[in-house]
Amino acid sequence: MRVKIFFFATVREYVGAKTVELEVPAQTTVAMLRELLVKKYPQMASTQKSIIAAVNSEYAADELLIPLDAEIAFFPPVSGG
Amino acid sequence: MDYPTITTITEMELDLDALIARVTLPSTGAAAIFSGIVRGMTERGNAHETSFLEYEAYQPMAEAKMRQVAKEIRSRWPSVEGIAIVQRIGRLYPQTPTVFIICTAAHRDTGVFDAARYGIDRLKEIVPIWKKEVSPEGEFWVEGEYIPKSGE
């Protein structure tokens, strides 16, 4: 299945793009997607632990299975205000 | 009567008077307001100057999380009447307001100060907005410390 991924702040700079579309197998978890991305964008590895994942605008655990047509985002801890 | 809840992310200049008017009801007698401001000179910790801040947001999620913060405020302080949570993004220079959290209530002793404080603390934990600080020495992304739990 195809997933659309958004990146923000430092993660966007590591990846060099605001958004990418990837083909991933069904039954892909957030953790598997993280691994895939780190392979593709090794710079993400350095701060991998503090990179937060969101699926369909909700904070997502690594075990979460990515649903069909999901909108996914990876970003560092937030700093608004 | 339905209590007004305003949650906005905008690149426009913030208009405090207009915002207060939108969260003021006939029964309102108090508004607690927090505003964050771009600090040009930092003395605490690593003393430095700031030229400007560059804000970005994951807009749909940020607005959803702002609505969640408002909901959390209402469940903790049922006497709060109106709530406004407004974040300005883009390039913001020192002495510029960046965010307003407004909670209104009938009286000041209703927890309305704590409600506004909770609003800004929670925004800094779960609302996906980031700022890059640009100073004469260079630039760096400001990162929070909070890691939200799944579904939070």
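Reader: Hi! In β4(A), which residue is the bridge partner of A:Ala54?
Author: That's A:Tyr59. This is a predicted model, where local features need pLDDT of at least 70, side-chain atom pairs count only at pLDDT 80 or more, and totals for chains, interfaces and linings use all residues. Residues are numbered from 1 along each chain as its sequence is written, and chains are lettered from A and ligands numbered from 1 in the order in which they are written.

Reader: In which sense do β3 and β4(A) pair?
Author: Antiparallel, over two bridges, with β3 covering residues 52-55 of chain A. Two strands pair if DSSP finds at least two bridges between them.

Reader: What's the strand order in the sheet of chain A?
Author: It's an open sheet of five strands, β2-β1-β5-β3-β4, with mixed pairing. At the edges stand β2 (19-23) and β4 (58-59) of chain A; each has a single partner strand, so one side of each has no neighbour in the sheet.

Reader: And how many helices does chain A have?
Author: Two, along with five strands. Along the sequence the pattern is β-α-β-α-β-β-β. Helices (H or I, at least four residues) and strands (E, at least two) are DSSP runs, numbered from the N terminus.

Reader: How much of chain A is buried?
Author: Buried residues are 35% of its 81 residues. Buried means 20 or more other C-beta atoms lie within 10 Å of the residue's own, exposed means 12 or fewer, and partly exposed is in between, with C-beta atoms placed from the backbone.

Reader: Which residues have the most contacts inside the largest nonpolar core?
Author: A:Phe8, A:Ala73, B:Ile85 and B:Cys103, in a core of 58 residues. Such a core is a set of buried Ala, Val, Leu, Ile, Met, Phe, Trp, Tyr and Cys residues joined through C-beta atoms within 7 Å. Leaving aside neighbours within four places in sequence, B:Cys103 is in contact with residues including B:Ala32, B:Ile73 and B:Gly119.

Reader: Last one: what ipTM does the predictor give the complex?
Author: An ipTM of 0.95, and a pTM of 0.96.

Methods:
Contact = placed C-beta atoms within 7 Å.
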